[in-house]
Structure formats: structure tokens, C-alpha cells
Amino acid sequence: MAEFNDVHSGTEMPEGDDAKCSFHNRMFLEPQEKKRSVKALVVKQAKKSCSCTPAKVKDYVFSFFPVLQWLPKYKLREYLLGDIMSGVIVGVLLVPQSIAYSLLAGQEPIYGLYTSFFASIIYFIFGTSRHISVGIFGVLCLMVGQVVDRELQRAGYDLEPDALSVLTDTAAYVNTTISPVNRTSQERLCDKSCYAITVGATITFIAGVYQVAMGFFQVGFVSVYLSDSLLSGFVTGASFTILTSQAKYLLGLDIPRSSGIGSVIATWINIFRNIHKTNICDLITSFLCFLVLIPTKELNEHFKSRLKAPIPVELVVIVAATLASHFGKLRETYGSSVAGHIPTGFLPPSPPDWNLIPNVALDAIPIAIIGFAITVSLSEMFAKKHGYSVKANQEMYAIGFCNIIPSFFHCFTTSAALAKTLVKESTGCRTQMSGVVTGLVILLVLLVIAPLFYSLQKCVLAVITIVNLRGALRKFKDLPKMWYLSRVDTVIWIVTMAASALTSTEIGLLVGVCFSMLCVIFRTQRPEAPLLGWVADSETYESLSAYKNLQTKPGIVVFRFEAPLYYINKECFKSTLYKQTGVNPVGVKTAKKKVAKRMLREKEVDSGVNETSISMDFVSEPLGFHTIVIDCCAVQFLDTAGICTLKEVCRDYREIDVQVLLAQCNPSVRSSLIRGEFFKEGEDHLLFHSVHQAVDFALGSQGRSGNSASK
């Protein structure tokens, strides 16, 4: 049974002995019984999980395959037109981006098309969001590409500048590129591009396994450590790395792809060292593509409310550039680098390389976390906007299977992408059916159109990739507003962005998470701790430093600590309390002891009367207050150090005749105080539900003390 004070306020206090009887009533709160039997909890959960009924099996199947729930309810006349329109438009936009982002992931263009096709179909089956577009995402392509480059080097493949070149003589290639040391283990009927997609598919498989495991164990809470400012800074920093990796294609330079810490700086150094080798044809083509793409993209955004569908300028540019390159013989005449042969149809499925799993298992962790964090956040954002609900754990299953299953079909990592999701929403998407339409558009390209892109210059693909970074790079314009709203979030954004750009994407993400957590710790380590004043004609107490015209009660100090009280900030709590009250009880006790010793010495040597009276006056000098009320409304929890600190503060102030009262403690804090034996027997009345009650109690108890003294 918990017992707390309920003071009768707002009425005149009776005088004399009646005041002692009617000063306050006790309010009793009976705590809920908590079943702490772990065994009973485990048995109950096991029975619930292991029980099998037809209804439960049906619910499980329908929740695991959401398509079985919404497809029978599909309103053909109402939904079909919007789904077809959005699916076709997203598919048209996705074809050039899939080809371009394959370059970023160190793969051939055909694998980007495979990836987009399978992701669209699989999310249709497992996904719960009606609007997000799942497919290739630039940041994940960059992270996969970095791992692919590293593993190619480890396997003994020489990193040629042209990562996507198609080699005609596989046997000759293997013999000339595999080092003698690795030839025994690496000799196979698989050229460099084949090994690259093997690495990409393996890391995709492992990332998908992680995501499904996160959904199974319901550890989606990991994404809460990736704040909006952190994710935004990470994407912007990675955008610099993407831009840097594509810059060599704009100039037609043959330089190796740098990886590891400082790869951005190393790449730019290589670019400027080889700037004299710029291919003028690629440079002019890049400039012309920028000249067309950027203004048209801006027009699309400016008039998106008036346009029924965005202008597919990327597809127009790719078709025009391919025709110009083919008929102008730019490869033969000027040595421009082109996409090369893109086969039609599908390759036979093959499993990931199990021997590669130890090499890439660690790299797959940040890829999996970024992938599901972006997918879940986008799905929840659009679900809230359109008034329906999504299941976060099912979204993790969906994105996990969008990686596991395609990894057997020569695909690399996917997730939701904001730009394509916005297009999908704005063009009339109503359900996941639009993903099937997108998949059919890509299938048409895979089966018929793909070989026609043979003469497409790689600089055009690089331009498309860079132009799509505009949204991330524009975040710099939002920094003043972000700084005004939250300086801490702005610093997190800058630190994460700089770390991601200057070191590597994985290290940048880790730095961002650690720094944001440190910011939380620092904010609780030195929190606000103001003195409070009374708002006239109310029972409210607010900060004296924040508001004017607040009143204080004579002899009472009200102090609020706006953070949990635990081992990190316990010293800050004490020092701030002593500073705000102006009294350090330890110092006062020490001073009293020194004066008492001096008086004793003076008496022993028969010193003068005047000095002794001065010392006595110092000992009995009033402090200016008799009660401290600690407002604990912002103290979420106490640990052992926090309880000991409160005990110490109360004891020290009690020794100099100052009582300490606690007010507005939440149930967790009250429970911690009781378990920590904070209250001595009969002292549990020093805990109050409100500051006003505590202040009235202090005034009444001081009045009673005064009356007792006068008698």
C-alpha cells in the first residue's frame, strides 16, 4: 500500500491544535499486483505460440501473405486505372535508373533490370504499403559496389577501370587475371563480371536473412537509433561518394575505383592527375545531358500539381543518346565507353557462394539496417498520409524476401526509394498492384528491348545517377531552418554527413549512431535544473528563469531536475542543487565544526567574550529557507546511484535543519525509492503528488513548529 499526502488547499488553515488534526489527509494508492514469475510467463507464451487451430493458421497465413487479404477486395473499376498509370510511369523511370545504378554497384546493366523486376513482384506479395516503390536505391548500390570491389581484389581479379566491360574470351581472361597464388582456388568458368554479381548476390542474401531475422525476433526497435537527421545526413554524405564515383565517367577517364577510408579524396586526386586524358566526346555528351535533364526535372517538380504524369525525360535522353552514339559511331571514332551487350531473357538461378559469407557477413549488417529503416519509415509515412496502417515487422519480412529470393536470380540489394515512391503516389497509385505493372514494363525491356542499349555511353548513365542526387544535396539549403529548430539535430546531421563523405559509408553510419547517442547522454548529463516560482491564483509552478511575475513562498525553495537521475549526472544534480539554493550543506557542516572547535579552544585559553559571541552568531546564522521541494516530474527513472544521491542530499540538508520533500514522482521512481529504502519508518509522508501539496505541507509544518516553539 502506497501512502501520499493530499493537502487541503484553497481553504484557511485553522489555528491551534485543530491545525494539527486537520492539516492534511492521507491518500492511499494500492499498487497493481505484478506477476514476476518468469516460468509462468514462458509457459504462457509457449502455449500461445505452439497452439494450432484452423483459425490461427488462417490468420498467420493471411498476415504473412498480405496479398491474400487485399486482392480479393480489389475494386477493379476504382483502382485499376490509377494502378496501371502509376505502374507504367514508374517502370519507364526505373529502366534507365536500373541500368545507371548497376554501374554504381559494380555490375552489368542486365543485373539492375533483374533486381528491379524481382523486387517489384515480390513486394506485391509480401508488402503492406500501397504506395512505396521497392527497387534499386543509390546508397545501397554504393555500399554493395564497395564490397564488390574489395572482394574482386581479394580474389585476385585485377580491377580494370571499366567495371562493366563484357569480356569475350573468358578462358584467356581467367588465365591472365588470376594470380598464381589464387589460381588453384579461383580457377572457374566465371569471368570478372560473373564473380562481381556472385559477390553482390551473396551480400544481398545475407542482408535479407538479417532483415527477416529482425522481423522474426521483432527487433525493429533498432531503427529508432536512426533519427531523421542522422538518416538525412548519411544519405547526403553518401551522395558525395556517389557523385565522386561517377565523376570519372563524365570525363571519360580510365582510373581505378578507390575504396576504403578517404576514398572520396583519393578519387578526386586521381581525377585531377588524369584530367589531361579527358575524353572530349564524353565531356560534351555529359554537358548536353545535364543541360536537358536538370531543367526538365525542375519543371516536373514545379508543375507536378498540374501534370498528370512527370515527363519521362531520362528515358528520352537514353533513347536519344543511344541513337546518337550508334549512328555517330562514337565508340569507334572517339573511344567513348559504352554499356556493351545486354542479353535478353533470364539466366538460370544459382545459389549464393557460401564460401563468401564469412567475408561479407559484417558488411551486410549496415546494408540490412539502412534498407529496412528507409523502407519502414517510408511505408509508415505514406500510410499515415493516406489513412491506413502498415505492419512494421511484416515490412521487414517483405524487404528481407525482396533480397533473399532475388539473390538466387543474380540480383543485388534493394529497398524503398523516396523519389520513385513520390512519383508513384502522385500518378494515382491505389494498391500494390501497380508494382506488378512496373514489373511487366521491366520484363518487356528484359525480353525484347535490352540489346538495343548496346551503344549507350556510360557518361549518360553517370549523368542520370548524379541528377537524381539533387534531393539529397539540397538538404544544405535546409540547414538554417534546422539550426533554428534544433541545434543538436543540425550537429548530428553535419557530423554524420562529413563522416560518411570523408571516411566510408559504413564508418559514417557508425559515427552518426554513436554521436547521436552521445548527444542524448550529454543532454541528460547536464540538463536544465531551474528554481520554480508560483503562478498567482493557481497551483502551478514554473521556471523563474523562463517566466516573469512568479512568486516564491518564504522559506521554501522549489527545484526541478529535468532528466533521469542516474550515475552519469548524479554529481551534476548535487552541484546544481547547491548552486541554485546557495547552500552547500557539507560546507555549512564543515564551517560549523571549525567554529565549534575554535570556540572550544578559546574557552580553554580564556579568550575574550566578544570573539566568542561572534562565533556563536556565525554558528546560528539562518540559511534563508527551511524546506527544499524537489519537483521530480521530469525524472523518468532512478538507478542505484541516483537513489544514493537523493539519500545523501536529504541526510546532509537534514543535519543543517532543512527538510527535503519530493513531489510528482512517477510510479517507476516511487517504486525505486521504496525498494531502495529511501524512506525511514514513518517518513513516507514526505512524498507528494504535486508541488503545490508539498509547499502547503512545508508552510503548515513550519507554522506548527513555530507555534510549538512559542509555547
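Analyst: Helices (H or I, at least four residues) and strands (E, at least two) are DSSP runs, numbered from the N terminus. The model is predicted: local features need pLDDT of at least 70, side-chain atom pairs count only at pLDDT 80 or more, and totals for chains, interfaces and linings use all residues. Residues are numbered from 1 along each chain as its sequence is written, and side-chain values use heavy atoms, without hydrogens or water.

User: Is Leu 699 buried or partly exposed?

Analyst: Leu 699 sits in helix 31 (residues 691-710). Buried means under 20% relative accessible area, exposed over 50%, partly exposed in between (1.4 Å probe, protein chains only). Leu 699 has 31% relative accessibility, so it counts as partly exposed.

User: What separates the C-alpha atoms of Leu 699 and Ile 556?

Analyst: Leu 699 touches Lys 553, Pro 554 and Ile 556, leaving out residues up to four places away in sequence. Contact means heavy atoms within 4.5 Å. Leu 699 and Ile 556 are 143 residues apart along the chain, yet their C-alpha atoms are separated by 8.1 Å.

User: How far apart are the end C-alpha atoms of helix 24?

Analyst: Helix 24 (residues 487-502) has 16 residues. The expected span is 1.5 Å times one less than the number of residues. That should give 22 Å, which agrees with the end C-alpha separation of 22 Å.

User: Which helices do the buried residues of helix 24 pack against?

Analyst: The buried residues are Thr 490, Ile 492, Trp 493, Thr 496, Met 497, Ala 499, Ser 500 and Ala 501. They pack against helix 11 (228-251), helix 12 (263-273), helix 23 (479-485) and helix 25 (505-525).
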